[in-house]
Amino acid sequence: MSVQPAQKPAGAPLLQVKNLQTHFAVGGMVAKAVSGVSFDLHKGEVLGIVGESGSGKSVTALSLIRLIPDPPGKIVGGEVIFNGQDLLKMPIEDVRKIRGRDIGMIFQEPMTSLNPVFTIGKQVMEPLLFHEKLSKAEARNRAIEALAGVGIPDAARRLDDYPHQFSGGMRQRVMIAMMMVCNPAILIADEPSTALDVTIQAQVLELMLDLRRKREGAAIILITHDLAVVAETCDRVLVMYGGKVQEASTVVDLFENPMHPYTRGLMKSIPHAQDKGKRLTAIRGNVPSIFDLPDGCKFCTRCPDVMDRCWTVEPELREVTPGHWVRCHLTEDKK
Ligand code: SF4
């Protein structure tokens, strides 16, 4: 079942994810980190994937471009269709050619992606030399442009510096320059601004959204635990919990009419100006271990509305109103 937007955009989706399943085997136990996730990503769209740590959102993103460490991880099922081809069935060398050129990924901590022993210039030039086969001089000029474009002052000189000579915010900008230098069709950003100061966060998000101006039809998948970021930047959103999509809709619809108790809990935990002085409402309990998920609804151990059947029968993801999908027994009689 592929989650669709309410107003289906014209043309084929840029990316189709069908029934994606990624498991981790550790110590004789199997964790279903991603369990049957499906969605379409359309041209020009910003799709948010939101959820707490351990909900499966980052594993979903890493699975799309085959970056799951195997072992202990394994993509055990599903399809990821891009340009008419299933990325999960392609030889890994072909997927490497797509990464960076067609699909870029920005991580929360840029030091995990920047190599500390190479200069910034070498790392920003690499995708241009590898994918676009530019000469070194051309690649250097494009790298200078890319760094200047993300607001690195004195970019030509800083090309010869190493990652440790940049602040955290500047490293994240370099990472964005690296991922956007080839103007990919899809940018996947996993908590790209979480580790940054609030003032820098907004700038980093703005730089990413700029990709849509540079490449017509480019789309972004933004993974975050922060619903406020989703509200500001995304067109559509998937709410994940227990390795599954629990609710999916346009951002406007989600904020006007959140239907899943988990989504409502996430919303109550966002600070609002009018609630100044009041305590924020936290979702009770903790995210269950992916090695020990409940048999029924994955949220039943924390849900304020839990009913008897929730413990044993897992609800289906159903389209409750046009383009608004919910996985909860409470909504079963709504349509
Ligand atoms: Fe809560 Fe039951 Fe709905 Fe799950 S199915 S979210 S436990 S009411």
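# Notebook: sheet, strands and salt bridges

I looked for disulfides (pairs of cysteine sulfur atoms within 2.5 Å) and found zero in the structure. A disulfide is a covalent bond between the sulfur atoms of two cysteines. Cys 234 is buried because its relative accessible area is 9%. Cys 328, at 10%, counts as buried too.

I note that this is a predicted model, in which local features need pLDDT of at least 70, side-chain atom pairs count only at pLDDT 80 or more, and totals for chains, interfaces and linings use all residues. Residues are numbered from 1 along each chain as its sequence is written, and side-chain values use heavy atoms, with hydrogens and water left out.

**Entry: the open sheet**

I traced the strands next. Strands (E, at least two residues) and helices (H or I, at least four residues) are DSSP runs, numbered from the N terminus. Two strands pair if DSSP finds at least two bridges between them.

In what order do the eight strands of the open sheet run? I wrote down β6-β7-β8-β3-β9-β10-β12-β11, with mixed pairing. The edge strands are β6 (103–106) and β11 (318–321), and each of them pairs on one side only. From one strand to the next, the twist averages 20°. For such angles, axes are lines fitted to C-alpha atoms (for helices over the stretch in contact), and the angles run from 0 to 180 degrees between N-to-C directions.

**Entry: strand β3**

I stayed with β3 (residues 46–50), which pairs with β8 (residues 219–224) in the parallel sense over five bridges. Within this pairing, Gly 48 stands opposite Leu 222, and Ile 49 has Ile 223 as its bridge partner. Strand β9 (residues 236–241) also runs parallel to β3, and four bridges join the two. There, Val 50 is the bridge partner of Val 239.

Is β3 mostly covered or mostly open? It is mostly covered, as five of its five residues are buried. Val 46, Gly 48 and Val 50 point one way, Leu 47 and Ile 49 point the other way, and all are buried.

**Entry: β1, β4 and β5**

I followed a second set of pairings. Strand β1 (residues 15–26) and strand β4 (residues 73–82) pair in the antiparallel sense over eight bridges. In that pairing, the partner of Lys 18 is Glu 79. β4 is also joined by two bridges to β5 (residues 85–86), again antiparallel. Ile 81 has Asp 86 in β5 as its bridge partner. β4 and β5 form a hairpin with two residues between them, and Asn 83 in the turn has a positive phi of about 50°.

**Entry: salt bridges**

Side chains of opposite charge can pair when their charged atoms come close. I counted a salt bridge where a side-chain nitrogen of Lys or Arg lies within 4 Å of a carboxyl oxygen of Asp or Glu. The count by this rule is 16.

I looked up Glu 52, which forms a salt bridge with Arg 302, their closest N and O atoms being 2.9 Å apart. Glu 52 lies in the loop between β3 and α1 (57–64) and Arg 302 in the loop between α11 (261–268) and β11, so the pair ties together parts that are 250 residues apart in sequence. Glu 52 is partly exposed at 22% relative accessible area, whereas Arg 302 is buried at 3%.

Asp 161 and Arg 158 form another salt bridge, with 2.8 Å between the closest N and O atoms. Asp 161 is buried at 12%, and Arg 158 is buried at 16%.

In the salt bridge of Arg 212 with Asp 235, the closest N and O atoms are 3.8 Å apart. Arg 212 lies in helix α8 (residues 211–214) and Asp 235 in the loop between α9 (227–233) and β9, so this pair ties together parts that are 23 residues apart in sequence. Arg 212 is partly exposed at 31%, and Asp 235 is partly exposed at 39%. I also noted that salt bridges with shared partners join Lys 244, Lys 298 and Glu 314 into one network.

How values were computed. Buried < 20%, exposed > 50% of the residue type's maximum accessible area, 1.4 Å probe, protein only.
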